[in-house]
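Please keep the sequence and the model in view while reading.

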Amino acid sequence: MSDILEKLAKSVEFGKINKASPYPPNMKDQDGADELAKRALEEGVSPDEILENALVPAMAKVGDKFTRKEIYVPQMLMAAKAMNSALAHLKPFFQSGETKRKGKFIIGTVSGDLHDIGKNLVAMMIEGGGWEVIDLGVDVSAEKFLKALEEHPDAVVGLSALLTTTMENMKNIVTVIRGKQSGAKILVGGAPVTMDYCKKIGADFYSPDPQGAVNYLKQLTS
Ligand code: B1M
């Protein structure tokens with residue numbers, strides 16, 4: 001891995017948001033994820049490379065350390081903030097592309113779940129694929145998804161869940177949507193979700209990553 005990507009990955013892993021941030025104390029006055037992501041792009045590193053070779057593996061390390069109880073929620077939160085400051089620089093690249101909209105896509109993280117980094121990435125890539133994205137945020141109830149769908153009846157719906165507990169809420173959301181809008185297309189994703197689970201709860205498609213979600217939407221319009 002190049003030096004800059006290595007430094008960027010460390011910034012995310014240890015929650016160093018930007019140079020001004022005093023956290024973590026041993027990285028004081030060093031560039032953080034904000035400056036390093038900007039510089040990597042200026043040096044010609046592609047947004048995909050930054051994401052796949054630095055940001056995503058860094059977050060995986062954070063998760064592993066949390067599992068081993070080497071870090072706790074506050075450190076995980078700082079890592080997420082650092083990741084978001086880097087992602088802000090990548091966003092324009094993922095959103096560029098076609099201006100003519102292919103359709104609408106409603107996305108949200110399901111009720112009880114506050115994780116939004118993966119959901120935001122999916123939203124960015126889908127927007128970059130030419131779709132209008134209606135992002136309902138995190139902790140989104142079945143009623144809120146339904147209301148959005150009533151306002152945008154042709155939209156495809158995307159549900160994200162990161163917890164094994166909140167994944168269960170997907171089932172209720174799919175049932176409520178099917179009860180009122182039986183023809184709606186529902187895509188599900190997030191680390192604990194599988195194709196088997198997707199079938200079990202009656203959703204239409206599961207994608208493990210943003211590209212699979214983009215491909216699914218492409219296939220719907222072709
Ligand atoms: Co949380 N957390 N967290 N957390 N957190 C996990 C998910 C966990 C696996 C960590 C661990 O134990 N190793 C664990 C879940 C265990 C489980 O249920 N099996 C966990 C836990 C336990 C918790 C709390 C319960 C901790 C506590 O309070 N004791 C708590 C729950 C809060 C809540 O939601 N109610 C909690 C809180 C938090 C923070 C708030 C501190 C923070 C989130 C900040 C934020 O999102 N703004 C956080 C973080 C950062 C993580 C980890 C470290 C990183 C998540 C992440 O952003 N990954 C995570 C461990 C891990 O993932 N390794 C962990 C990077 C992101 C790019 O990947 O989100 O998987 P991901 O998205 C991917 C794919 O899944 C897919 O595409 C994305 C890009 O490739 N995808 C879709 C996602 N949505 C999709 C939708 C689609 C298609 C694809 O279609 C619609």
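## Basis of the description

Helices (H or I, at least four residues) and strands (E, at least two) are DSSP runs, numbered from the N terminus. The model is predicted, and local features therefore need pLDDT of at least 70 and side-chain atom pairs count only at pLDDT 80 or more, while totals for chains, interfaces and linings use all residues. Residues are numbered from 1 along each chain as its sequence is written, and side-chain values use heavy atoms, with hydrogens and water left out.

## The cobalt site

The cobalt atom of the ligand has a single protein donor, His115, whose NE2 is 2.2 Å away. Donors are N, O and S atoms within 2.8 Å of the metal (3.2 Å for Na, K and Ca), and since water is not among the atoms, sites may look incomplete. His115 itself belongs to the loop between strand E1 (104-109) and helix H5 (117-128).

## The contact between the domains

The chain is assigned domain 1 (3-96) and domain 2 (104-221), with bounds that come from an automatic or database domain assignment. To the contact (heavy atoms within 4.5 Å), domain 1 gives 10 residues and domain 2 gives six residues. Between them the two domains bury about 800 Å², 74% of it on carbon and sulfur atoms; buried area is the accessible area (1.4 Å probe) that two parts lose on being put together, summed over both. Of the area that domain 1 buries against domain 2, Leu87, Phe94 and Gln95 supply 54%, more than any other three residues.

Across the interface of domain 1 and domain 2 the rule finds zero salt bridges. The elements that give two or more residues to the side of domain 1 that touches domain 2 are helix H3 (47-67) and helix H4 (73-95), and the largest share of that side, seven residues, comes from H4.

## Salt bridges

The structure holds 10 salt bridges, each being a side-chain nitrogen of Lys or Arg within 4 Å of a carboxyl oxygen of Asp or Glu. One of them joins Lys61 and Glu13, with the closest N and O atoms 4.0 Å apart. Because Lys61 lies in helix H3 and Glu13 in helix H1 (residues 3-14), the pair ties together parts that are 48 residues apart in sequence.
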